[in-house]
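Please read them with the structure open.

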Amino acid sequence: DAQIRFVKSALWYYGYGRPELYGLPCDGSAGSRELLLAFAWLLHRLHLPEQLLVQDRVRTGDETSVCTCEDDLPCSQEGRTEMAPECSLEDQVDVRYLQWLSGRLRFQWQSLHALQQEQCKLLHKIHLFTSGCHMDKILGHFSVTETDLIRQPENYKQLLELLESETVQLEAFLEWKQLEQIYWQWMEAVLDDMSEEGSLCKSQDAHPKKSPLPKAGSCCHWAGSLLGKIDRLSIDLTSVHDQLQELVTHRQSTWYEKVKTREEELQKENFSAAATKTQETVKLKLLDITYRCAPTKKRMHGSCRLVFRSKDSTDKTGFGRSVRKEPIPAVSATEVIRELQVRKASLERELKQLQEECRQRMDEIAQGLDGVICISP
């Protein structure tokens, strides 16, 4: 049950919108074709083979991930509430437990940051002490893997096995690319069959069913009189319903007039405050547009190899390139830090704006509560 719930939650997170999957039983007794469609959707949406190759790649050099592009979600957030798996009352959690999880996650982030700082210090020592020892003069130093092989040469067998495993995966990926077109043709046939079955079920459900009530002609005398009374009651209820509908329409029109008058009064009172807020919002948007439309170079995203460059080995531009006549394209840590600082400032401005909107919304809700005192933190 836990595995099935996890699969449904993961597919919901990535935006899989087929409701038939979320209605499958939790014992795994049905739904093989639905799982097949979901797996094919993941293949197309997330590019799973390519991601597996990147994840299982043997890294002989010291690498780090660099990303200065916009933060994009894996898919649209719209419509996830409707397609979310149904949760029972047992699945609901206490808010205090969520707060404890949030604190634990914050502690784990701090521990991870401290470990990354320690790793950077150790990498700097290895790159500095092995500087000038590598055969490739562009790199100039050993990586952690190469240093470990020098210290323990018997570990080369394990590295060789990893490289052979990566070669097998690459060969399987090439075979998949050759047969990929056949697989998608098969999936189209499966999808067509399921759509035909669904339309057939809908057409069967649409057939009118016979009324279980007997006809008036076949009833006895007392049943006929009872049906006459029911008809008179139905007529009376219809007239009462019409009267209530007229009354509700009159009340609604009166209420809408009062609300419109009150809105006009509030607009006159809060016009200056709304104008100030609009000006601040426009300034923030202009700053973001100026930043995004600036003639900067292409955003960096992906994995990069860490190469140690001392001040003597860098050129005058300070971009961490070699002094050779054909420098390799590289990026300095200072440039990445500058890009991330600009992005951080933009996100902080957006966060403050959202916090202010939430605070105003909470104040409006608190004003409608009688006998409740709200103290801001």
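Which residues have the most contacts inside the largest nonpolar core?

1. Basis. This is a predicted model, in which local features need pLDDT of at least 70 and side-chain atom pairs count only at pLDDT 80 or more, while totals for chains, interfaces and linings use all residues. Residues are numbered from 1 along each chain as its sequence is written, and side-chain values use heavy atoms, with hydrogens and water left out.

2. Core. Leu11, Tyr16, Leu21, Leu37, Ala38, Tyr183 and Met187 have the most contacts inside the largest nonpolar core, which has 15 residues. Such a core is a set of buried Ala, Val, Leu, Ile, Met, Phe, Trp, Tyr and Cys residues joined through side-chain atoms within 4.5 Å. At least two of its residues come from each of α2 (19-22), α3 (32-46) and α8 (156-205). The largest share, six residues, is supplied by α3. Helices (H or I, at least four residues) and strands (E, at least two) are DSSP runs, numbered from the N terminus.

3. Tyrosine 183. Leaving aside residues up to four places away in sequence, tyrosine 183 touches Leu36, Phe39, Ala40, Leu43 and Trp176. Contact here means heavy atoms within 4.5 Å.

4. Glutamate 34. This residue is found in helix α3. Glutamate 34 counts as buried because its relative accessibility is 7%; buried means under 20% relative accessible area, exposed over 50%, and partly exposed in between (1.4 Å probe, protein chains only). Its side chain makes a polar contact with the side chain of arginine 18, at 2.7 Å. A polar contact is a pair of N or O atoms within 3.5 Å; within protein, one must be able to donate a hydrogen and the other to accept it, and residues adjacent in sequence count only if both atoms are side-chain atoms. Beyond four places in sequence, glutamate 34 touches Tyr16, Arg18, Glu20, Leu21, Leu24 and Met194.

5. Methionine 300. Methionine 300 sits in the loop between α10 (271-292) and β2 (301-305). With 16% relative accessibility, methionine 300 counts as buried. Not counting residues up to four places away in sequence, methionine 300 touches Val66, Cys67, Thr68, Cys69, Val331, Val336 and Glu339.

6. Cysteines. The disulfide count is zero, a disulfide being a pair of cysteine sulfur atoms within 2.5 Å. Cysteine 304 is partly exposed at 31% relative accessible area, and cysteine 358 is partly exposed at 48% relative accessibility.
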